[in-house]
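User: I should like to go through the terms applied to this structure and the values behind them. Please set each value against its definition.

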Amino acid sequence: ARYRAALDGATFTVEHEVGGRRFLSRGIPLRDDEGVVVSALAVSHDITELRAAERARAASEAQLSALLDAAPIGLAFFDTSLRYRRVNDALAAINGVPAAAHIGRTVPEVLPHQNPVVLEHMAHVLATGEPVLGKVTGFTPAD
């Protein structure tokens, strides 16, 4: 029926299951120089593994969110530009800044009086992947 619709001039995109596999199928009408539909082209992609990976990622993100919410310590995730990506409520309370106000901003933007050595340590971790546990000094929460 969907392929018939393409022959009638309609395009379609549909996700469906066949034999336990998930597919994304797309169809478009093919027209001649006068715009008359002469055929249809349909392509199906097996997206079974993609959907499984999406479900696994969603489950992992839910676990991470639960861990962040339950953690009795301040936690944050940063991108490669050292901008906050995620912040838990404990860190927001420590910093005296709402969690949402951290997102997309750098440490100096959120905590302008922060000791520069903290940023040096963060840059070191980003560059080398090596921890600096026990070495971080000079942390200054917001006033």
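This is a predicted model: local features need pLDDT of at least 70, side-chain atom pairs count only at pLDDT 80 or more; totals for chains, interfaces and linings use all residues.

User: Why is the contact of Arg 22 and Glu 15 called a salt bridge?

Analyst: A salt bridge requires a side-chain nitrogen of Lys or Arg within 4 Å of a carboxyl oxygen of Asp or Glu. For Arg 22 and Glu 15 the N to O distance is 3.1 Å, so the pair meets the definition. The structure holds nine salt bridges.

User: What makes Glu 15 partly exposed?

Analyst: Buried means under 20% relative accessible area, exposed over 50%, and partly exposed in between (1.4 Å probe, protein chains only). Glu 15 has 31% relative accessibility and therefore counts as partly exposed. Arg 22, with 26%, is partly exposed as well.

User: Which parts does the pair of Arg 51 and Glu 15 tie together?

Analyst: The side chains of Arg 51 and Glu 15 form a salt bridge at 2.6 Å, N to O. Arg 51 belongs to helix α2 (residues 48–70) and Glu 15 to strand β1 (residues 12–18), so the pair ties together parts that are 36 residues apart in sequence. Helices (H or I, at least four residues) and strands (E, at least two) are DSSP runs, numbered from the N terminus.

User: How do you know that Arg 57 is exposed?

Analyst: Its relative accessible area is 56%, and Arg 57 is therefore classed as exposed. Its salt-bridge partner is Glu 61, at 2.9 Å, N to O. At 36% relative accessibility, Glu 61 counts as partly exposed. Both residues lie in helix α2, four residues apart, about one turn of the helix.

User: Why is the aromatic pair called tilted?

Analyst: Rings of Phe, Tyr and Trp (its six-membered ring) pair if their centres lie within 6.5 Å; planes under 30 degrees apart count as stacked, over 60 as edge-to-face and the rest as tilted. The structure holds one aromatic pair. The ring centres of Phe 78 and Tyr 84 are 4.6 Å apart and the planes stand at 40°, so the pair is tilted. Phe 78 is partly exposed at 31% relative accessible area, whereas Tyr 84 is buried at 3%.

User: What makes His 102 buried?

Analyst: The relative accessible area of His 102 is 0%, so His 102 is buried. His 102 is placed in helix α4 (residues 99–102). Leaving aside neighbours within four places in sequence, His 102 is in contact (heavy atoms within 4.5 Å) with residues including Tyr 84, Asn 95 and Val 110.

User: How do you know that the span of α6 agrees with expectation?

Analyst: The expected span of a helix is 1.5 Å times one less than its number of residues. For the 13 residues of α6 this gives 18 Å, and the end C-alpha atoms are 18 Å apart, so the two values agree.

User: Which residues of α6 are buried, and why are they placed on the same side?

Analyst: In α6, the buried residues are Val 118, His 121 and Met 122. They cover an arc of only 100° around the axis, which puts them on the same side of α6; the arc is that of the directions from the helix axis to the C-beta atoms. On the other side of α6, Pro 116, Glu 120 and Ala 127 are exposed. The cover over the buried residues of α6 includes β4 and α5.

Note on methods: Residues are numbered from 1 along each chain as its sequence is written. Side-chain values use heavy atoms; hydrogens and water are left out.
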